[in-house]
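Please read the points below with the sequence and the model side by side. They are arranged from the whole chain to single residues.

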Amino acid sequence: IGRAFFNGDDGSPGYGASRDQVLAALADMVNLLRATGGMLIVSGHTYALAEDASTVGSVLPVGADRGALARARPYRLPEVTQGFARSDPEPSELRRIWAFAETLVGGCPWPDGSFEGLGVLAREWRWAAYQVRLVAGEVAGHARAVTDNNSGEARDRFKSFAEALQGGGE
């Protein structure tokens, strides 16, 4: 009975063959986990290099730009043959400062003396605010997907950054 249990009987594998298959599969599983760990280490180094390279003013690691279009075929502005347009005469200093302030603050010129123009401007500002609220909601949703599934200092810093994008955080 013991020999039949170990060796098998009537063409079915016994305990010995099953044991050997399980042990071989366990060794394969350990090797697979080791290989996965090695790939995760390589991925971590790759992400660290990418993070360092994407920082403004940083030096790219050797070979990091291999195959990049900017390296192989950098973009060049076309030649300007007729020169750039100039205002003649130039506006006064006050007018230039006002125009600059309009583009910084409102992104458009102020509708002088026009109630209809003010109404249009008000509608556009409300529409822009609505769009900003939609984007903030999208940011909040995606940020929650990251913060709900992670923990630690990096998660806390990311959460604060995401909150800052929405008008809060540090």
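The numbered points below describe the overall fold, then its surface, salt bridges and aromatic rings.

1. Basis of the note. The model is a predicted one, in which local features need pLDDT of at least 70 and side-chain atom pairs count only at pLDDT 80 or more, whereas totals for chains, interfaces and linings use all residues. Residues are numbered from 1 along each chain as its sequence is written, and side-chain values use heavy atoms, with hydrogens and water left out.

2. Overall fold. The protein has six helices and two strands, where helices (H or I, at least four residues) and strands (E, at least two) are DSSP runs numbered from the N terminus. Along the sequence, these elements follow the pattern α-β-β-α-α-α-α-α.

3. Of the 170 residues, 6% count as buried; buried means under 20% relative accessible area, exposed over 50%, and partly exposed in between (1.4 Å probe, protein chains only). Among contacts (heavy atoms within 4.5 Å) with a separation of 6 or more, 9% join residues 24 or more positions apart.

4. Surface. The accessible surface comes to about 15000 Å², and carbon and sulfur atoms account for 61% of that area. Accessible areas come from the Shrake-Rupley method with a 1.4 Å probe; for residues, only the protein chains shown count as cover. Val22, Leu23, Leu26, Met29 and Leu33 make a nonpolar surface patch of about 480 Å². Patches are made of residues with over 30% relative accessible area and no salt bridge, with like charges joined within 9 Å and nonpolar side chains (Val, Leu, Ile, Met, Phe, Trp, Tyr) within 5 Å. Leu26 lies in helix H2 (residues 15-53) and is partly exposed, with a relative accessible area of 40%.

5. Salt bridges. How many salt bridges does a search of the whole structure find? The search finds two, a salt bridge being a side-chain nitrogen of Lys or Arg within 4 Å of a carboxyl oxygen of Asp or Glu. One joins the side chains of Asp20 and Arg19 at 3.0 Å, N to O; Asp20 is partly exposed at 42%, as is Arg19 at 33%. The other joins Asp156 and Arg155 at 2.9 Å, N to O. Asp156 is partly exposed at 43%, and Arg155 is partly exposed at 22%.

6. Thr147 lies in helix H5 (residues 115-147). Is Thr147 buried or exposed? Thr147 is buried, because its relative accessible area is 6%. Leaving aside residues up to four places away in sequence, Thr147 touches Arg155, Phe158 and Lys159. Helix H6 (residues 153-165) has 13 residues and reaches 18 Å from its first C-alpha to its last, close to the 18 Å expected at 1.5 Å a residue; the expected span is 1.5 Å times one less than the number of residues. After H6 comes Gly167, whose phi is positive, near 100 degrees.

7. Aromatic rings. The structure holds three aromatic pairs. Phe5 and Tyr15 form a stacked pair, 5.5 Å centre to centre with 10 degrees between the planes. This pair links Phe5 in helix H1 (residues 2-7) with Tyr15 in helix H2, 10 residues apart. Phe5 is exposed at 56%, whereas Tyr15 is partly exposed at 40%. The rings of Phe6 and Tyr15 have centres 6.1 Å apart and planes at 55 degrees, so that pair is tilted. Rings of Phe, Tyr and Trp (its six-membered ring) pair if their centres lie within 6.5 Å; planes under 30 degrees apart count as stacked, over 60 as edge-to-face and the rest as tilted. Phe5, Phe6 and Tyr15 form one aromatic cluster.
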